[in-house]
Amino acid sequence: MANAGSILRGSLYRAWIQRERSMKRAVDHGAINAVGYTVPWSAKAGQQVNLSLSCDRPIKNTRICWLDRPVTEFPTWPIEATGETVGHRQFDQGSFLRLAADELAKAQSVHGIRFELFLTRNPGSRTILEVGSVRLCLRNGAFVLDIADDVLLAEEKAPTGVWLTVELHQRHRELCLRIKSHDLLAPYELDRCLGDHMWRLQGSGIHLGACASRNGPTLNAKFAAIRLDTPQGTVAWNFPTLLPTEPVLWSSGTDPLRLDVVNQPAFCMTSARCDGSSFDPRLVPAHYDAIHCHDDDIGPLQWPASHRVTVPENARPGVYAFQVEWEGGYERVVFFVSSSRASSPLLYLVPTATYLAYADEYLPDHLYEWKSDDRGHRFAIANNLKSLYDYHSDLSGVSICSYKKPKVTVRDDYDYPLCGCPHNLPVDLHFLRFCHENGIAFDVVTDHDLHERGIDGLRDYRAVVTGSHPEYMSIEIEQALRQFVAEGGSIAYLGGNGFAGVVAFKDDLMELRRSPLEAGRTWDGSIAEQSLSITNEPGGHLRSRGRGEFSLIGGAISLMGFDGARPFTRTDESYQAGCAWLFEGVENSTFGSDGIVLGAAAGYEVDATSPALGTSPDTIIIARATDFPDSFFQDPARWYEGGDPERTSRRCAEMTLRNLAAGGLIFSASSVAWCGALPASGRMNDVGRITLNLLNRLSAPQKEKSTPEPGKSISRGEPQC
């Protein structure tokens, strides 16, 4: 430590995951016998992919399968066993803070610790602070202070939902505890000196939010402004607004102390200094210098890799999996192979951000009484896993996750329990298999890859084609797509409720902060805590930042429901010369009356236009779906000038086409169920003909650019269903 004139100040911490005993639990394999993940999740030719597994059965064979073919193929890629035995793994649950014993020894002696604390929901017994032999706990909502299980204090009710300053000091041989509220409207003060006691720090560390033995759940709470008082001065840790991956150290010529942040709590949280004057952590970082720990946080796993494969140089891009086989069964662990160079005019954009946001969704029984069964959801519930649609045990939203974990709902045979039908990956595989069978060639890129490559990853292509539900994307992805169409490219948006929510990527992590406008089916966050810790930019909807659905692809979510999908019917505008090509060979004005997603082409989530919210005047509505069941509910964020009558008239899905001055076009299917309405192998239907007309048109070389015939623009009056 420094001498009295050299005080260690500032932010001294490590925020990457420290692997110690943090509520270790064995994987519950009751629902699924083998689970795993690959690193990386998306690879290119020549790159190595490592498989980490937990399994409760002896593995007989592991092989690669190619999932996006009409019939699953098994390429003969050599798979190398690493020598690591496939075992029944454990994972850590619950985040907390720790100053390790070797770090604490640098301080020589400590006579006081203080920190800011914001308690949330904590049933049972939880540890707030463990300093050597002294432990401050919550037990049934009351503060308890003990030394080696000898209770010194157990009589004060602990306030929740307010910021407290906690101070524990060793004065000579007397131990003193002071806890004081920051809230003038909720005053609270505890000030006790507890007699002749010592906290005996030798060989021990300091834990915040957990005990060293890790024999119980961690604390649900925010922490901020941690201070140690030493004879040489004060050691201070202030949490940054940006999620760190390296130690951030600032000292004056001394060896700093490292505070370990275990198991991925949430950074960029409002602290006691937040007064509501600004919601931007870049302007007032001191207002966002807290972290939020949860007893069900799970950071990136570090299971050993049991198998690895090197993607061959001649491998076709697409959707692949390790098929892990045992006596009587198998499971598949999905990964993706992205194109490293252009070989087709079409680029398929795999929506891995959406897959990851939904992965391991909990779907509590009390909220979704009608849901059907899927083994992935049974596994998530049994292992207390959370998706970015779920909330923590203290009711705060789950906002960050890693692909270094089992993603048991990202499967080719997945049925979404809310619909009882395929959703996300299996619907996108249905589309890709249709294309392969009908001679439509694609290159493939994941949205995570596009985030890193930007516009340079698109310029060699004529069109970008999306999957069924590209709901989430980073600002970098959305900007690359905007630049792409501005330079003459096209977008075939073959889904619904896409280009909607902002995410941020950092290595294997993805972060999503939800807006209060999203209240309803999922958790809603505070506006003050909507900024992303990875970038400090606003989260929530892209449209809230003047970007996203309306201004890019013409429409945004208008309805959501879990039954009774509807067919589309052509509009008069669809017969004009600028649009008629799309419907060549289509005999019926109404199409899409069957499909694997809720039974038709317009369902689950559907989009509609709105000039008031940014739909371009040259966007042409070419088909509509109407008469949705009453169980479909409308986007609560939409405001209608005409009130309820107008809202009722707008219960529809609107398929659109926009011809761009730069030479490209933007097509919107406007429905998550569209790809699911494509025909089964060996068959053809009107949805298939429209899709092939579109993709063949986009594959062909562009003609000389000219101003397109705009058709009837929706600016001539709000369209009615």
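Predicted model: local features only at pLDDT ≥ 70, side-chain atom pairs only at ≥ 80, totals over all residues.

Entry 1: I began with Cys401 and looked for the cysteine sulfur closest to its own. That turned out to be in Cys268, 17 Å away, which is too far for a bond. I then checked the cover on Cys401 and found it buried, at 8% relative accessibility.

**Entry 2: another one to check.** How far is the sulfur of Cys211 from the closest cysteine sulfur? I got 7.8 Å, to the sulfur of Cys137, and this too is too far for a bond. My cut-off for a disulfide is sulfur atoms within 2.5 Å. Cys211 is buried as well, with a relative accessibility of 5%.

**Entry 3: the disulfide.** How many disulfides does the structure hold? I counted 1. Its two ends are Cys176 and Cys193, and I noted 2.4 Å from S to S. Next I looked up where the ends sit: Cys176 belongs to strand β15 (residues 174-181) and Cys193 to strand β16 (residues 189-196). The two are 17 residues apart, and the pair links distant parts of the chain.

**Entry 4: handedness and cover.** Is this disulfide right-handed or left-handed? I read a torsion of about 100° about the S-S bond of Cys176 and Cys193, so I wrote down right-handed. I also compared how the two ends are covered. Cys176 is buried, at a relative accessible area of 3%, whereas Cys193 counts as partly exposed, at 42%.

**Entry 5: the whole chain.** Along the principal axes, the C-alpha atoms fill a box of roughly 90 × 65 × 50 Å.

**Entry 6: inside and contacts.** I asked what share of the 721 residues is buried, and the figure is 63%. For contacts with a separation of 6 or more, I found that 76% are between residues 24 or more positions apart.

**Entry 7: surface and charge.** The chain exposes about 26,900 Å², and I noted that carbon and sulfur atoms supply 48% of that area. Last, I went through the charged side chains: 71 are positive and 88 negative. The centres of these two sets lie 2 Å apart.

Technical notes:
Residues numbered from 1 in each chain as written. Heavy atoms only, no water. Helix = DSSP H or I, 4+ residues; strand = E, 2+ residues; numbered from the N terminus. Buried < 20%, exposed > 50% of the residue type's maximum accessible area, 1.4 Å probe, protein only. Contact = heavy atoms within 4.5 Å. Areas by Shrake-Rupley, 256 points an atom, 1.4 Å probe, with all protein chains shown as cover. Lys, Arg positive; Asp, Glu negative; His and termini not counted. Charge placed at Lys NZ, Arg CZ, Asp CG, Glu CD.
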